[in-house]
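Trainee: Before we start, I would like to go through the labels used for this model and ask what stands behind each of them.

Mentor: Please do, and we will set each value against its definition.

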Amino acid sequence: MDGSTPELIPVRPEEELDLNRLGDYLRSRLPGTEGRLEVRQFAGGHANLTYLLDFAGTHYVLRRPPLGPVAPSSHDMSREHRVLSKLWRAFPLAPQSFLLCEDPTVVGAPFFVMERRHGVVVRGQVPPEFGAGLDPAANRRLSEVVVDTLADLHAVDPAAASLENLGHPDGFLRRQVEGWADRWRRSRVEENPVADELATWLLAHLPPSPPATLVHNDWRLDNMAVAGDDPGRCTAVYDWDMCTRGDPMADLGTLLSVWYDHDEIPSTLNPMPTHTPGFMSRAEGVERYAATSGRDVSGVGYYQVFGTFKMAVVLQQIYVRWHRGQTHDDRFAEMGAGAERLFELALRRRDEV
């Protein structure tokens, strides 16, 4: 929650589940599911759909892809389940997944069911329990926890989580850039020479990658939950559908892409309250990651440009689903303009590299 949006809402009409079919499916597969099933929807997020399942006080969380066609390799429920069924052993901030269903007749798409975690998700603005953005110490803690938790993830030995065979680290960065450039081409509604120029530049300037680590691939403050009594203590990390082994600097670049300094105008999708007093500057965030992880961050500028390009494509993909009528969520109507602004920001950041 962010102080203005409730954490849970009634299920949006077009995103409802068949409760009878779902309840019947789960009752023979998960403990504590004998009672009547009630469902509410998590209000946050812009892609995968997430629901709270309440079986007379026994709670689970269900995740499924968004409505309509999705980009290849994205919204991968099988991958997210595979990761979350194992990662919690070595990285306790990852919720445990209990069940994967690949039968689309149950809820209309593949889904998985995981444990319910509690905490405050900070989106856009600092919520009242942390001072509503007016407490510099709390704001500083939020900026520190998002960096420190990333460094903690990158320190995990994949073998300790039985994920040593996850993904293909060799060539990871090239595949990422090529994949996001292709997603841009598939989701564009009209021509954008800036986006095309960025895609060409990113492929032409690929840096050598450091040793591979586990990579979340969508690292932002709003994909974490923090304790209600301490903004500097993470209680959960969410959205693992793109997790793999690869270049850890790609995660840092994703984080920096939505880390706006005071002279930058935030995009339509602004999941970090970086303009609040006390929140570290982007350069301070880089320095803290370097100190905490021990990694060389001298080439971070490239990854920051790539992260910004990637976030622009994310907005474009969300917008095109609204544009095509695959969703009627009015939050998405302005995201095409937001994508354009992010492409322009990526170009400015490229010129600073």
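**Labels and their grounds**

Mentor: To begin with a charge and a ring, R183 lies over the face of W180, at 4.1 Å from the ring centre; bear in mind throughout that this is a predicted model.

Trainee: What makes R29 another case, with Y25 as the ring?

Mentor: R29 lies over the face of Y25, at 3.8 Å from the ring centre, and the distance limit for a charge over a ring is 6 Å.

Trainee: How many aromatic pairs are there?

Mentor: The count comes to 8 aromatic pairs. In one of them, the ring centres of Y60 and F98 are 5.9 Å apart and the planes stand at 85°, so this pair is edge-to-face. The cut-offs behind that name are centres within 6.5 Å and planes over 60 degrees apart.

Trainee: What makes the aromatic pair of W184 and F343 edge-to-face?

Mentor: The two rings are 5.1 Å apart centre to centre, with 70° between the planes, and edge-to-face asks for over 60. W184 lies in helix α4 (residues 172-187) and F343 in helix α9 (residues 335-351), so the pair ties together parts 159 residues apart in sequence. Both residues, W184 and F343, are buried, and together with F309 they form one aromatic cluster.

Trainee: How do you know that the span of helix α7 (residues 282-293) agrees with its 12 residues?

Mentor: At 1.5 Å a residue, the 12 residues should span 16 Å, and the end C-alpha atoms of α7 are 16 Å apart, which agrees.

Trainee: Why are the buried residues of α7 said to line one face of the helix?

Mentor: Those residues are R282, G285, V286, Y289 and A290. Seen down the axis of α7, they fall within an arc of 135°, so they line one face. On the other side of α7, E287 and A291 are exposed, whereas the buried residues pack against α3 (136-154), α6 (248-257), α8 (300-323) and α9.

Trainee: What makes α6 mostly covered?

Mentor: In α6, 10 of its 10 residues are buried, among them P248, D251 and S257.

Trainee: How do you know that D247 caps the N-terminal end of α6?

Mentor: A side-chain oxygen of D247 lies 2.9 Å from the backbone nitrogen of M249, and a polar contact requires such a pair to be within 3.5 Å.

Trainee: Where does N217 sit, and is it buried or exposed?

Mentor: N217 is in the loop between β7 (213-215) and β8 (224-227). The relative accessible area of N217 is 3%, against a limit of under 20%, so N217 is buried. A polar atom of the N217 side chain lies 3.0 Å from the backbone oxygen of M242. Leaving aside neighbours within four places in sequence, N217 is in contact with residues including F172, Q176, D251 and K310.

Terms used
Residues numbered from 1 in each chain as written. Predicted model: local features only at pLDDT ≥ 70, side-chain atom pairs only at ≥ 80, totals over all residues. Heavy atoms only, no water. Phe/Tyr/Trp six-rings, centres within 6.5 Å; stacked < 30°, edge-to-face > 60°. Helix = DSSP H or I, 4+ residues; strand = E, 2+ residues; numbered from the N terminus. Buried < 20%, exposed > 50% of the residue type's maximum accessible area, 1.4 Å probe, protein only. Lys NZ or Arg CZ within 6 Å of the ring centre and 35° of its normal. Expected span 1.5 Å × (residues − 1). Arc of directions from axis to C-beta. Contact = heavy atoms within 4.5 Å. Polar contact = N/O pair within 3.5 Å; in protein donor to acceptor, adjacent residues only side chain to side chain.
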